[in-house]
Amino acid sequence: MEKKVRVLEVFGEPISNGGQESFVINIVQHINHEHLAIDMLTPYYCDNSYYEDIVKSFGGTIYTFGLSFEPGKSRFNINDKIDAFFKEHPYDVVHIHSGSISILCIMAHFAKKNHVKKIIVHSHCAAEHKTLKYRLTRMASYPYIMSAPTDYCACSVVAGEWKYPKAIVDHKLKVLKNGVDLEKFAFNEETKREIRKKLAIPEDAFVLGHVGRFSYQKNHEYLIRIFAEVRKRNEHAVLMLIGDGENKPDVKKQIEELHLTDSVRFCGLVNNVNDYMQAMDVFVLPSRYEGLPIVGVEAQ
């Protein structure tokens, strides 16, 4: 029997319902696994049982370390665990996904140290401002990002420019656009009615929708101000919010202060975003920064 190529998809964030996970799951569901053995890894946690079932269905495993996910803080607490993992689990290909330069470097460094032949780093987003912290991180990462990976990918040129040196962007960058299954997102009137009924939204309501983590990047506070203005013009307007995250309590407080509670639907984390989008009349994405947001493509 032919030996399969062992592939590890690595995430620098928890495996939940984010765009990176969606991109990878979409890909692995549409490729031939005959010659591939694909696993996934996050240093944090996986709280998406739907994705776990998909990975298990093709014989893969999702590995987690159970570390606390604290965006913006040092990532070096993963070093020893990553090194030990690569020592115990040999792979032919390691494909690293993250919005963090330091994660891309750390993962690539330890993959190379443990003799992985093909190391792919994949940038999925840009950022808002080039802060001092960003510039220092770029400088510190330069030796690692230039030497450890064998391949450089990004969802857009902008996302590539944010993570990689100019020499890489000009000569080695591969832009992999975030595609979606068009049939899943084709409009369906029946699904629209079902979702609106489930959320107690009148059929004649004007529905705005958003999909994204409740975080600084996604700019929910501006989204709520937008909706407040819409409500002044249309008292039957409804806002659907799909997702979860650290800023959710602040968003709820803002909604209460603006007396919008009865007009907002918190849908939580869902794996059938395509169905929920059917219920929306307008999709709003006021992010402070993105790379190439999959939800934007899905909404189109």
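A crossing of two helices is right-handed if the near helix is turned clockwise from the far one by less than a right angle, and left-handed if anticlockwise. Helices (H or I, at least four residues) and strands (E, at least two) are DSSP runs, numbered from the N terminus.

## Basis of the model

This is a predicted model, in which local features need pLDDT of at least 70 and side-chain atom pairs count only at pLDDT 80 or more, while totals for chains, interfaces and linings use all residues. Residues are numbered from 1 along each chain as its sequence is written, and side-chain values use heavy atoms, with hydrogens and water left out.

## Helices α3 and α4

Helix α3 (residues 79-88) passes α4 (residues 101-113) in a right-handed crossing. Their axes come within 9 Å and cross at roughly 35 degrees; axes are lines fitted to C-alpha atoms, for helices over the stretch in contact, and angles run from 0 to 180 degrees between N-to-C directions.

Contact means heavy atoms within 4.5 Å. On the α3 side it involves Asn-79, Ile-82, Asp-83, Phe-86 and Lys-87, and on the α4 side Ile-106, Met-107, Phe-110, Ala-111 and Lys-113. These residues divide into six nonpolar, one polar and three charged. Ala, Val, Leu, Ile, Met, Phe, Trp, Tyr, Cys and Pro count as nonpolar, Asp, Glu, Lys and Arg as charged, and the others, Gly among them, as polar.

## Helices α1 and α2

The axes of α1 (residues 19-28) and α2 (residues 49-57) come within 11 Å and cross at roughly 30 degrees. That makes the two helices roughly parallel (angles under 35 degrees count as roughly parallel, over 145 as roughly antiparallel, 65 to 115 as roughly perpendicular and the rest as oblique). Their crossing is left-handed.

Glu-21, Ser-22 and Ile-25 of α1 meet Tyr-51, Ile-54 and Val-55 of α2. By class, this contact has four nonpolar, one polar and one charged residues.

## Helices α9 and α10

Helix α9 (residues 220-233) packs against α10 (residues 248-257) at an angle of about 20 degrees, with the axes 10 Å apart. The two are therefore roughly parallel to each other, and α9 passes α10 in a right-handed crossing.

The contact is formed by His-220, Glu-221, Ile-224 and Arg-225 of α9 with Val-251, Gln-254 and Ile-255 of α10. Three of the residues in this contact are nonpolar, two polar and two charged.
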